[in-house]
Amino acid sequence: MKQFIYILIFTIGINFTSEAQLKSTDPTGSIQPKLLKFYPNPATSAINFDFSRGYDRSYSLQIFNFMGKKIYHLKNPSPTNYIGLEDFYRGIYIFQLRDKNGSIVESGKFQVIR
């Protein structure tokens, strides 16, 4: 019986986390689908960032290592962006999509494995 309860809690947690990663909250408090779809995660040699909606040429995409150091900056991204990971070490990275004023529009994390 305990094992069943653990499996049930684990399954509910995964479903909740998956749903939360697909949506974001805008300043009015309403839930909106994410602007960026990034894959694969975890990544080995490259990662793709695709705009699922709301593409704006004035956005910039920044990637930070786990220590907070900016290691990649893409100004004026296209609707589909391919980033090679040859110079990235194994670990967790944070990305931020910023508007022309520098405000964070969306953020997330991905993992590089080798």
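In which strand is N81 found? N81 belongs to strand β7, which spans residues 80-84, where helices (H or I, at least four residues) and strands (E, at least two) are DSSP runs numbered from the N terminus.

The model is predicted, so that local features need pLDDT of at least 70 and side-chain atom pairs count only at pLDDT 80 or more, while totals for chains, interfaces and linings use all residues. Residues are numbered from 1 along each chain as its sequence is written, and side-chain values use heavy atoms, with hydrogens and water left out.

Of the 114 residues in the chain, 26% are buried, meaning under 20% relative accessible area with a 1.4 Å probe, protein chains only.

Four of the strands form an open sheet in the order β6-β5-β8-β9, with antiparallel pairing; two strands pair if DSSP finds at least two bridges between them. At the edges lie β6 (70-75) and β9 (104-112), each of which pairs on one side only. Strand β8, residues 91-98, is joined to β9 by eight bridges, and Y93 has F110 in β9 as its bridge partner.

To return to N81, this residue is buried, with a relative accessible area of 6%. A polar atom of the N81 side chain lies 2.6 Å from the backbone oxygen of S78. Beyond its neighbours within four places in sequence, N81 is in contact (heavy atoms within 4.5 Å) with I47, N48, F49, D50, F51 and L74.

Methods
Buried means under 20% relative accessible area, exposed over 50%, partly exposed in between (1.4 Å probe, protein chains only). A polar contact is a pair of N or O atoms within 3.5 Å; within protein, one must be able to donate a hydrogen and the other to accept it, and residues adjacent in sequence count only if both atoms are side-chain atoms.
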